[in-house]
Amino acid sequence: MKIYLAKHCGFCFGVKRAIKIAKETAAKYKNIYIKGDLVHNEAVCKKIEKSGIKRMDSLDKLPVGSNVIIKAHGEPLKTYKTLQAMDLNIVDATCPMVKDIHKKARELEQKGYQVVIIGDRNHEETKGILGNVKNGVILENKNDADKLKGNIKNKIGVLCQSTQTLENVTATVHELAKHAEELFFINTICNPTRLRQNEIEELSSKCAAVLIVGSKKSANTKRLYEAAKKINKNAFWITSEKINKNDFSKFKSIGIIGGASTPVEVLQTITRRLNDL
Ligand code: SF4
């Protein structure tokens with residue numbers, strides 16, 4: 001059996017940075033809280049909690065003098081305002097690429113564009129982008145764009161969640177263009193996502209099977225799996241290194257890739273186990 005481990009795997013830049021910030025904060029302060037997951041990987045989040053960072057879902061109950069980490073996917077502006085009003089120390093671990101999307105969304109709105117975000121409606125990153133503008137709209141795909149006709153300004157500014165596929169984004173923009181006189185599109189798919197999306201196509205075409213490794217909460221892992229499945233019926237989404245290697249013994253070649261928040265060690269362990277075959 002031949003094993004092909006993707007060139008672009010392990011933590012992306014934004015995830016690495018968020019973990020580093022969380023570790024440094026844990027070493028420096030006490031009373032540290034985070035709203036939601038620092039990154040979308042259960043094992044990583046468990047380690048973060050063990051370092052003393054407490055997870056909370058509501059901002060109301062934070063004690064005076066707390067330190068609050070903002071997760072890699074970012075937050076709406078109102079979260080910052082609430083934390084500032086409570087006089088808490090904000091430690092911002094938002095990925096700079098997500099921060100840049102926030103800035104671009106606000107600039108579009110200031111220039112009079114109706115901001116349209118192409119992304120998963122319930123994903124933290126998309127909600128964070130929406131919360132950076134006053135009147136944004138989220139569209140998941142071109143069918144949503146079609147439903148909008150008549151309810152949208154003639155001047156629209158479009159950007160997207162960083163982990164979208166170019167295919168979905170361009171199809172949605174194409175549909176939107178039918179409903180607006182002026183459309184300004186900024187491609188905000190991040191570079192680590194693009195590189196992995198290109199690589200998954202290559203691996204899915206050349207290998208008998210492909211393993212996509214990452215949390216079920218991870219948007220970029222989900223898209224890698226969807227892209228692989230289109231090309232290769234033997235695409236499997238697995239969430240950890242705990243695989244039954246015999247399930248894969250029938251394949252002559254296997255490609256392995258991870259989402260942006262999957263540790264490279266997990267992929268290396270899977271590679272070792274399959275190599276034993
Ligand atoms: S996937 Fe892209 S936007 Fe998300 S954390 Fe990584 S680099 Fe940042």
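Let me start with a definition: Ala, Val, Leu, Ile, Met, Phe, Trp, Tyr, Cys and Pro count as nonpolar, Asp, Glu, Lys and Arg count as charged, and the others, Gly among them, count as polar. Keep that in mind for the cavities. One caution as well: this is a predicted model.

So, cavities. How many of 30 Å³ or more does a search of the whole structure find? Three. The largest cavity has a volume of about 310 Å³. Its lining takes in 24 residues. Nearest the centre of the largest cavity lie C12, V15, H73, S162 and T163. Which elements give two or more residues to that lining? Four helices do: α1 (13-28), α4 (96-110), α8 (191-206) and α9 (219-231). Now use the classes. The lining of the largest cavity divides into 12 nonpolar, 10 polar and two charged residues.

Next, the ligand. Where does the ligand sit? In the largest cavity. Around the ligand we have C12, G14, C95, V98, S162, C190, P192 and A260. By class, the shell around the ligand has six nonpolar residues and two polar ones. The lining of the largest cavity, remember, has two.

On to the second largest cavity. About 50 Å³ of space lies in there. The lining is I34, G36, D37, L38, C45, I48, E49 and R55. Which helix gives the most to this lining? Helix α2, residues 42-50, with three residues. By class, the second largest cavity has four nonpolar, one polar and three charged residues in its lining.

Last topic, a sheet. A quick reminder: strands of a sheet pair through backbone hydrogen bonds, either parallel or antiparallel. Here, four strands form an open sheet. The order is β7-β6-β8-β9, and the pairing is parallel. Why is one side of β7 and of β9 left without a neighbour in the sheet? Because β7 (137-139) and β9 (182-185) stand at the edges, each with a single partner strand. From one strand to the next, the twist averages 25°.

Let's look at one pairing in detail. Strand β8, residues 155-160, runs parallel to β9, and four bridges join the two. If you want a place to look on screen, find V158. V158 stands opposite F185 in β9.

How values were computed
Residues numbered from 1 in each chain as written. Predicted model: local features only at pLDDT ≥ 70, side-chain atom pairs only at ≥ 80, totals over all residues. Heavy atoms only, no water. Near = heavy atom within 4 Å. 1 Å grid on protein atoms, 1.4 Å probe; cavity = no way out; pocket = protein on both sides within 12 Å on 5 of 7 lines; lining within 4 Å. Sits in = over half its atoms within 2 Å of the grid points. Points joined across faces, edges and corners; volume = space filled by probe spheres on them. Pairing = 2+ DSSP bridges. Axes fitted to C-alpha atoms, helices over the stretch in contact; angles between N-to-C directions.
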